[in-house]
Amino acid sequence: MRLHPEKPFMLAANAVQEINAGLRPLATGTRFLYINVVDVEFHQLIRSWLICLTCRPPVITKVFQLHLPVGGGQGSNKKITYTNPYARRKSFHLRASRSDLVHFKENHIEIAAGDTYTIGLRFLPCLTQGSAEVLIFINDEDDKNEETFCVQCTYA
């Protein structure tokens, strides 16, 4: 969770102070967080809020199945495609649910209207057999989710 303002600030008497909270959930479920306002001079709790977050799974628009080698030395490079559905040029930000398994060749892409872009994925080496699911979040300029792809990785 990110708060804005991030640094200590002065509260004026009988005034309203807006605090913005930014959240980026990486897992589904319910989570409880506290926001505390503390007087830094006297070290006293002024106010406390309990925030309840409920995160549902995203709508998966495309599924890819990849077979990757175990102990792949330098890892594996794979490619998936994304088509800009808009009638204008648009920028997108890419994020992954499992940054411990995959990195993007580019985290920020710009695609012309209706064009298809090849997203380069770099899978880090895995030393054990098994499977993993990685969600690829394609977000707009405001970091709002446009689409979510699911990459099902099988290490064998």
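**Cysteines, sheets and rings**

User: Which cysteine sulfur is closest to that of Cys-150?
Analyst: The gap from the sulfur of Cys-150 to its closest cysteine sulfur is 8.5 Å, which is too far for a bond. A disulfide needs two cysteine sulfur atoms within 2.5 Å. The closest sulfur belongs to Cys-153.

User: At which pLDDT do side-chain atom pairs count?
Analyst: Residues are numbered from 1 along each chain as its sequence is written, and side-chain values use heavy atoms, with hydrogens and water left out. The model is predicted: totals for chains, interfaces and linings use all residues, local features need pLDDT of at least 70, and side-chain atom pairs count only at pLDDT 80 or more.

User: How many disulfides does the structure hold?
Analyst: A disulfide is a covalent bond between the sulfur atoms of two cysteines. Cys-153 has its closest cysteine sulfur in Cys-150, at 8.5 Å, so the two are too far apart for a bond. The number of disulfides is zero.

User: Is Cys-153 buried or exposed?
Analyst: Buried means under 20% relative accessible area, exposed over 50%, and partly exposed in between (1.4 Å probe, protein chains only). Cys-150 has 4% and is buried. Cys-153 has a relative accessibility of 1%, so Cys-153 counts as buried.

User: Which residue is the bridge partner of His-103 in β10?
Analyst: Strand β10 (residues 116–123) pairs with strand β6 (residues 76–83) in the antiparallel sense over eight bridges, and there Ile-80 has Ile-119 as its partner. Strand β8 (residues 102–104) also runs antiparallel to β10, joined by three bridges. The partner of His-103 is Arg-122.

User: How far is Lys-90 from the ring centre of Tyr-86?
Analyst: A charge sits over a ring if NZ of Lys or CZ of Arg is within 6 Å of the ring centre and within 35 degrees of the ring normal. The charged end of Arg-88 sits over the ring of Tyr-86 at 5.9 Å from its centre. Lys-90 lies over the face of Tyr-86, and its distance from the ring centre is 4.6 Å.

User: Which side chain does a polar contact of 3.3 Å join to that of Lys-90?
Analyst: Lys-90 lies in strand β7 (residues 90–96) and counts as buried at 5% relative accessibility. The side chain in contact with Lys-90 at 3.3 Å is that of Glu-141.

User: Where is Pro-5?
Analyst: A cis peptide bond, with omega about 5°, joins His-4 to Pro-5. The place of Pro-5 is the loop between β1 (2–4) and β2 (20–22).

Terms used: Two strands pair if DSSP finds at least two bridges between them. Helices (H or I, at least four residues) and strands (E, at least two) are DSSP runs, numbered from the N terminus. A polar contact is a pair of N or O atoms within 3.5 Å; within protein, one must be able to donate a hydrogen and the other to accept it, and residues adjacent in sequence count only if both atoms are side-chain atoms.
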